[in-house]
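Hi,

Here is the model we talked about, sequence and coordinates together. Could you have a look at it before you read my notes below?

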Amino acid sequence: VEANVIAGQKLISLLNSQDVHEKITAIEIIGKLRIKNYYSPIIEFFEHPNLELTKKAIEAAGKIRNSRFIPYLINFLDHGFLQSKAISALNAKLRS
């Protein structure tokens, strides 16, 4: 249990970092582990000015498959650069 607490604290530290690469690392971890409780930071990164960070958030949403992401992903269908990522994430949710 203590290891989980430490890992969670480190993940939060990465999410709150000023370094975009650390934020991306945190998002990738959340996505790979499919941590459904961390949907709020993913949603926050949907609005981030760094498009790479937003793209990674969309990819993580597809892996996590939380229905809370659906309205946000639908909004990305109008964004050329992010549209294919949003479609993939929505397809993943539909297959779950």
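This is a predicted model: local features need pLDDT of at least 70, side-chain atom pairs count only at pLDDT 80 or more; totals for chains, interfaces and linings use all residues.

Residues are numbered from 1 along each chain as its sequence is written, and side-chain values use heavy atoms, with hydrogens and water left out.

Now the aromatics. Searching the whole structure turns up three aromatic pairs; rings of Phe, Tyr and Trp (its six-membered ring) pair if their centres lie within 6.5 Å, and planes under 30 degrees apart count as stacked, over 60 as edge-to-face and the rest as tilted. Phe 46 and Tyr 72 make a tilted pair, because their ring centres are 5.7 Å apart and their planes stand at 40 degrees. Phe 46 sits in the loop between helix H3 (39-45) and H4, and Tyr 72 in helix H5 (residues 70-75), so this pair ties together parts that are 26 residues apart in sequence. (Helices are DSSP runs of H or I with at least four residues, numbered from the N terminus.) Phe 46 has 4% relative accessibility and so counts as buried, whereas Tyr 72, at 32%, counts as partly exposed.

What about the rings of Phe 46 and Phe 76? Their centres are 5.5 Å apart with the planes at 75 degrees, so that pair is edge-to-face. Distant parts of the chain are linked here too, since Phe 76 is in the loop between H5 and H6, 30 residues from Phe 46. Together, Phe 46, Phe 69, Tyr 72 and Phe 76 form one aromatic cluster.

On to the helices. The axes of H4 (residues 51-64) and H6 (residues 80-95) come within 7 Å and cross at roughly 15 degrees; axes are lines fitted to C-alpha atoms, for helices over the stretch in contact, and angles run from 0 to 180 degrees between N-to-C directions. That makes H4 roughly parallel to H6 (the class for angles under 35 degrees; over 145 is roughly antiparallel, 65 to 115 roughly perpendicular and the rest oblique). On the H4 side, the residues that meet H6 include Leu 51, Ile 58 and Gly 62, and on the H6 side they include Phe 81, Ala 86 and Ala 92; contact means heavy atoms within 4.5 Å. The residues of this contact divide into seven nonpolar, two polar and three charged, with Ala, Val, Leu, Ile, Met, Phe, Trp, Tyr, Cys and Pro counted as nonpolar, Asp, Glu, Lys and Arg as charged, and the others, Gly among them, as polar.

Lys 55 counts as buried because its relative accessibility is 18%. Leaving aside neighbours within four places in sequence, Lys 55 touches Phe 81, Leu 82 and Lys 85.

H4 also packs against H2 (residues 20-33), the axes coming within 8 Å and crossing at roughly 10 degrees. That makes H2 roughly parallel to H4. Among the residues in this contact are Ile 24 and Ile 27 of H2 and Leu 53 and Ala 57 of H4. By class, the contact has eight nonpolar, one polar and six charged residues.

Also in H2 is His 21, which counts as exposed because its relative accessibility is 61%. The C-alpha atoms of His 21 and Phe 69 are separated by 23 Å.

Cheers

Technical notes. Helices (H or I, at least four residues) and strands (E, at least two) are DSSP runs, numbered from the N terminus. Buried means under 20% relative accessible area, exposed over 50%, partly exposed in between (1.4 Å probe, protein chains only).
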